[in-house]
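This briefing goes through a ligand site, some annotated positions and a set of paired strands. Please keep the sequence and the model in view while reading.

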Amino acid sequence: MGAQQVAERFAELYGAEPEGVWAAPGRVNLIGEHTDYNDGFVMPFALPHQALAAVSRRADGLLRLHSADVEGGIVERRLDDLAPQSDESWTAYPAGVVWALREAGHAITGADVHLSSTVPTGAGLSSSAALEVVIALALDDLYGLGLRRWKLARLCQRAENVYVGAPTGIMDQTASACCEQGHALFLDTRDLSQQQIPFDLAAEGLRLLVVDTRVEHAHSGGEYGKRRAGCEKGAALLGVDALRDVPHAGLDAALARLGDDEEVVRLVRHVVTEDHRVERVVGLLRSGETRAIGPVLTEGHASLRDDFRISCPELDLVVDTALAAGALGARMTGGGFGGSAIVLAEATDVDNLSKAVEEAFAAAGYTAPRVFEAVPSAGARRLR
Ligand code: ADP
Ligand code: MG
């Protein structure tokens, strides 16, 4: 599926060529899980999988939406009727972006949209952010808004938090909007400062596999909210604005101050050690020690499994099987309770590893996983 095809379908649907075609990728998070709502560090990179949107402006206050990936025809909404949490279908993501732009004072007068995406949905790879960012970028271009990429990501996050009603951090939208090919994005979620860290796996004879367990995660579910509330409680007990402010060197002392609230101790320990793991990975990649990030990724998995307690048997099986078959490192990625795991391996081991994971899933009676290679790819951009 390419820009040409999306433009042609747009023309069939709406009777005229689109004004342009834009792309925005899904992402995978290399390290830095559940740190983004604690003002901490994350390190995503963009996938080759992306959402494409063919878009034209309208002047009559109508938004018309169509997705190649969803049953049903064109959905038509009046801009003046857009309201938070008024829509439980997929159209809430693009409509939410239009709402957020208008709320921020941008004079959007309507649009025709045709979307098509290769980002797997509900696999923790941020198909939702890809959808939001591709629409935001298209409207930014067409309406000449001149939004900076970080600002565009903020508006998309607002669309997802307020309009859709899913309490997510800023990582996904920033990754889709700001990542660069051959790099991972080291993002400080407190001030949104970012650095592109070279992450060219192929040049080093390495591969990174994504294993989608096909277990559907539920982001807005109660478990996410509980973890988030627990982190906020930990920060309050420690007298800091956010857990980001607890230095890794002072972790033991901080945990001692939390006393016998075992759950808060575990959550705080995960967040503080996870921020530190991001900094370790950045340091290793900067000094060209890419293989050495493997054990740090694996430590991250243990922390999410044992301290944050958001793994599941399928994710643990991927990690254990991959490590036993010679992977350099492996961990669950994304919000947890399903979704995907990542595996860092020598290029020469990839076939064996994939086979081992597939066989382990079959032996356990689980649905066959979807395994693919993640090549650090370009962020959102105009295609034509
Ligand atoms: P994730 O972002 O991890 O893939 P979410 O639950 O946040 O999972 O977002 C998935 C939702 O995004 C889908 O249920 C659907 O509503 C919407 N979505 C994603 N891709 C498309 C698409 N190509 N067409 C229409 N809706 C899509
Ligand atoms: Mg999402």
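D212 has S340 in strand 11 as its bridge partner, where strands are DSSP runs of E with at least two residues and helices are runs of H or I with at least four, both numbered from the N terminus. The model is a predicted one, in which local features need pLDDT of at least 70 and side-chain atom pairs count only at pLDDT 80 or more, while totals for chains, interfaces and linings use all residues. Residues are numbered from 1 along each chain as its sequence is written, and chains are lettered from A and ligands numbered from 1 in the order in which they are written.

**Strand 11 and its partners**

- Strand 9 (residues 206-212) and strand 11 run antiparallel and are joined by seven bridges; two strands are taken to pair if DSSP finds at least two bridges between them.
- Strand 10 (residues 329-333) is also antiparallel to strand 11, with five bridges between them, and G329 stands opposite L344 of strand 11.
- The hairpin of strand 10 and strand 11 has six residues between the strands, and in it G334 takes a positive phi near 90°.
- Strand 11 (residues 340-346) is mostly covered, since six of its seven residues are buried, a residue being buried if 20 or more other C-beta atoms, placed from the backbone, lie within 10 Å of its own, exposed if 12 or fewer do, and partly exposed in between.

**The shell around ligand 1**

- Ligand 1 is surrounded by 17 residues, of which the closest are S67, W90, S117, S127 and S128; a residue counts as near a molecule if its C-beta atom, placed from the backbone, lies within 6 Å of it.
- The elements that give two or more residues to this shell are strand 6 (111-117) and helix 3 (127-142), and helix 3 supplies the largest share, three residues.
- By residue class, the shell around ligand 1 divides into seven nonpolar, nine polar and one charged, with Ala, Val, Leu, Ile, Met, Phe, Trp, Tyr, Cys and Pro as nonpolar, Asp, Glu, Lys and Arg as charged, and the others, Gly among them, as polar.

**Helix 3**

- The 16 residues of helix 3 should span 22 Å at 1.5 Å a residue, and its end C-alpha atoms are 23 Å apart, which agrees; the expected span is 1.5 Å times one less than the number of residues.
- After helix 3 comes G144, whose phi is positive, near 60°.

**Annotated positions**

- UniProt, in an unreviewed entry, lists D172 for "active site"; its positions are given in the numbering used here, with feature names shortened, and annotations may be inferred rather than shown by experiment.
- D172 is found in helix 5 (residues 171-178), and it is buried because 30 other C-beta atoms lie within 10 Å.
- Beyond residues up to four places away in sequence, D172 touches R27, S126 and A129, where contact requires C-beta atoms, placed from the backbone, within 7 Å.
- The unreviewed UniProt entry places "binding site" at E33, H34, T35, D36 and Y224; these span 192 residues in sequence, yet no two of their C-alpha atoms are more than 12.6 Å apart, so they gather at one spot.
- E33 lies in the loop between strand 1 (20-29) and strand 2 (41-42) and counts as buried, with 28 C-beta neighbours inside 10 Å.
- D36 is placed in the loop between strand 1 and strand 2 and counts as buried, with 22 C-beta neighbours inside 10 Å.

Definitions and conventions: Contact = placed C-beta atoms within 7 Å.
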